[in-house]
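Okay, thanks for coming, everyone. Let me put the model up on the screen and walk you through a few spots in it.

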Amino acid sequence: MITRRTILKTVLKGTTALTTVAIFIGLPSWSRASSRMTNRLRIPEQLKGTLKDGVRHYDLTMQKGSMPFLTGLTTPTLGINGDFLGPLLRLRDGENVALNVTNQIGESSSLHWHGMHVPAHADGGPHQLIENEKTWQAAFKVKQKAATFWYHAHLMHKTGPQVYRGLAGMMIVEDEESRRLDLPSTYGVDDIPLILQDRAFNRDGSFRYITHMHDIMAGMRGETILVNGTASPFMPVTTRKVRFRVLNGSNARFYQIGFSDRRRFHQIATDGSFLRQPLETDRVTIAPGERVEIVADFNVAKPVKLVHIPIVPQTGGMRGGMGRGMGRGMGMMESFDSQPLDLLEVRPEKSLKAASPLPAKLTDVPNFREQDAVKTRRFVLDMRMGPGMMRGGGSGERFTINGRAMDMNRIDETVKLGDTEIWEIKNDSPMAHPFHIHDIQFRILDRNGKQPGPEEQGLKDTVRVHGGETVRIITRFEDYADPKLPYMYHCHILEHEDAGMMGQFVVTA
Ligand SMILES: [Cu+2]
C-alpha cells in the first residue's frame with residue numbers, strides 16, 4: 001500500500017527530511033460544520049480621483065492601522081487610506097491618471113497595478129521602491145478594456161508579508177462598452193467587490209506569518225477567511241441580480257467558488273476583459289492574483305452562501321511521461337484547498353428590485369494569431385525542498401524559473417516592442433503555480449496541447465499551471481519600451497515569488 005508518507009517522500013525532490021513530511025501529515029482541518037455569518041460585509045470606499053489639467057489624480061497613503069477581525073482582539077495591520085486594504089480605484093479607459101502614493105508604514109514598500117498596461121517606470125514593481133515618508137507618482141494613460149484589476153505591494157522579498165498585513169486594493173476600469181452594457185453596475189448595491197483572503201492569527205490577535213517551512217513550500221494559508229477584511233461576512237441584497245467582482249487576494253490559497261445550494265450563475269469576465277458572452281456555470285476556480293466577475297440571481301428572503309467547493313486535485317497535467325506514483329503524489333500536493341469553506345452569506349430582502357436579462361454578447365475579446373508570433377520563449381518553474389529554507393526568509397536557488405532564482409540585477413528576457421510572442425510555461429514541480437506577467441494581457445493558447453475551457457477565454461494576466469503541465473499563452477508587447485527598466489513575471493503564490501520564482505524582462509524599441 002502506498003502511504004501518504006511514502007508518496008511525499010517520492011515527490012519531494014532534494015529532501016527526505018522527516019520534519020517536512022510531518023508538517024504535511026499534520027495539516028489542520030479547515031472545515032467548519034456550519035459557520036455563523038455575523039458581520040456585515042465591508043464595502044471599500046470608492047476613490048474616483050480629482051481632475052486637474054486633464055489628469056485625474058488619486059492620493060493614496062500607505063499607513064499602519066489596526067482591525068478588530070476577531071471578537072475581543074485587535075490585529076495590527078497595514079492599509080491604504082485606512083486601516084486594512086485600500087479604497088476601490090475607479091479608472092476610465094483613455095484618461096490620463098496620476099497615482100500619488102505616500103509611504104507611512106515605517107519601512108520601504110512599492111505599489112504595483114496588477115494587470116494594468118503601463119510604462120515600466122509606472123509599474124510599481126520592485127524597482128519602483130518607495131522609501132518610508134516618501135511619495136512616488138505613477139503617471140500613465142489608461143489603455144485598458146473594462147475589467148477588474150488590483151493593486152498591491154511588490155517589494156523584493158517582502159511582497160508576501162506586506163500584502164498579508166493589508167497592502168492591497170481593487171481597481172475597476174470602465175470603457176465605453178462597459179458603460180453601454182446593461183449589467184448590474186451600482187457600486188455596493190448590485191455591483192459588489194469581493195476581495196478573498198485567508199489569514200492565520202496568533203493568540204494575541206496579531207497575524208501569524210510563516211512559522212514553518214511548509215508555509216513557504218505550500219504558500220501561506222490561514223484558517224480564517226476575510227472578505228474585504230470582514231470575517232464571517234453577510235450581505236443584505238436588494239436586487240434580484242447581483243454582480244460580484246471576485247479577486248483572489250490571498251497569498252497562496254486557491255478557491256473554487258459556487259453557491260451552497262448549487263444554484264447556477266453566469267461568469268461574465270476574466271482577469272482583463274469580459275468574456276465574449278455570459279457563461280452559465282455552477283463553479284469557477286480562481287488562483288491568487290486572478291479575478292472573475294459573476295452575476296447571480298437571488299430569490300426573495302431566501303439566504304444562500306457563497307462557498308469554496310473543495311478542489312479535486314488535478315491529474316490532467318500528469319500525462320506525458322510521468323510515472324503513476326508521481327502523478328498520485330502530485331495530486332496530493334495540489335490538495336491543500338480540499339476543505340469546504342463558507343465565504344459570504346447573501347441575505348436577499350423581502351422585496352427585490354427587478355433586473356433585465358444579461359446581454360447576449362458582452363465584448364469581442366482581442367485575439368492574437370499564432371502565425372503572427374515571431375518567437376516562443378520557454379519558462380520552466382521548479383521548486384526544491386531542503387534545509388535552510390527558513391534562513392533569511394528566502395531560499396536561495398530553491399524556487400526557480402529556468403533554473404535561476406530572481407536577481408534584481410539580471411535581465412532575463414529582452415522583448416522587441418510590437419512583437420507578438422508565445423510564452424510556453426512548463427511546471428516541473430508537484431504543485432500548481434499561478435504565473436503572472438506584468439504590462440500585458442494575454443490569451444491562453446493551450447494546456448498540454450488542449451484548448452482552454454470557455455471560462456478562460458477572456459483576456460488574462462495570470463494563468464494557473466498545474467503540476468507537470470505545460471501552458472502556452474500568446475500576447476503582443478505594445479506602446480511602452482524601456483531598455484533599462486524591467487517588468488516582472490512570477491508565480492503569484494507570494495511566498496514562492498519572495499523566495500525566487502520570479503524573473504525580469506525589458507521591452508526595447
Ligand atoms: Cu508558485
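Start with Arg199: it lies over the face of Tyr164, at 4.3 Å from the ring centre. Arg347 does this with Phe234, over the face at 3.8 Å from the ring centre. For the record, a charge sits over a ring here if NZ of Lys or CZ of Arg is within 6 Å of the ring centre and within 35 degrees of the ring normal.

Before I go on, the caveats. This is a predicted model, so local features need pLDDT of at least 70 and side-chain atom pairs count only at pLDDT 80 or more, while totals for chains, interfaces and linings use all residues. Residues are numbered from 1 along each chain as its sequence is written, and side-chain values use heavy atoms, with hydrogens and water left out.

Now the rings. Phe, Tyr and Trp rings (the six-membered one for Trp) pair if their centres lie within 6.5 Å; planes under 30 degrees apart are stacked, over 60 edge-to-face, and the rest tilted. The structure holds 22 aromatic pairs. One of them is Tyr164 with Phe207, edge-to-face, with 5.5 Å centre to centre and 65° between the planes. Tyr164 is in helix H3 (residues 159-165) and Phe207 in strand E13 (residues 207-208), so the pair ties together parts 43 residues apart in sequence. Helices (H or I, at least four residues) and strands (E, at least two) are DSSP runs, numbered from the N terminus. Tyr164 counts as buried, at 1% relative accessibility, and so does Phe207, at 11%. Another edge-to-face pair is Trp423 with Phe505, at 5.5 Å centre to centre and 85° between the planes. Here Trp423 comes from strand E28 (residues 420-427) and Phe505 from strand E34 (residues 502-508), so this pair ties together parts 82 residues apart in sequence. Both Trp423 and Phe505 are buried; the cut-offs are under 20% relative accessible area for buried, over 50% for exposed and partly exposed in between, with a 1.4 Å probe and protein chains only. Trp423 and Phe505 also belong to one aromatic cluster, together with Phe379, Phe435, Phe477, Tyr487 and Tyr489.

Two strands pair if DSSP finds at least two bridges between them. There's an open sheet of five strands in the order E26-E25-E28-E32-E30, with mixed pairing. Its edge strands, each pairing on one side only, are E26 (399-401) and E30 (443-447). E28 runs antiparallel to strand E32 (residues 470-476), over seven bridges, and Lys426 stands opposite Thr470 in E32.

Next, strand E19 (residues 265-269): four of its five residues are buried, so it is largely enclosed by the rest of the structure. On one hand, E19 is antiparallel to strand E20 (residues 274-281) through four bridges, in a hairpin with four residues between the strands. On the other, E19 pairs in the antiparallel sense with strand E22 (residues 291-297) over three bridges, where Gln267 has Ile294 as its bridge partner.

Asp53, with phi near 50°, is in the loop between strands E3 (50-52) and E4 (55-67), and it's exposed, at 82% relative accessible area. Leu85, with phi of about 60°, is in the loop between strands E5 (75-80) and E6 (88-92), but counts as buried, at 4%.

Last, the whole chain: seven helices and 34 strands, and of the 509 residues, 60% count as buried. With contact meaning heavy atoms within 4.5 Å, 78% of contacts between residues at least 6 apart in sequence join residues at least 24 apart. Over to you.
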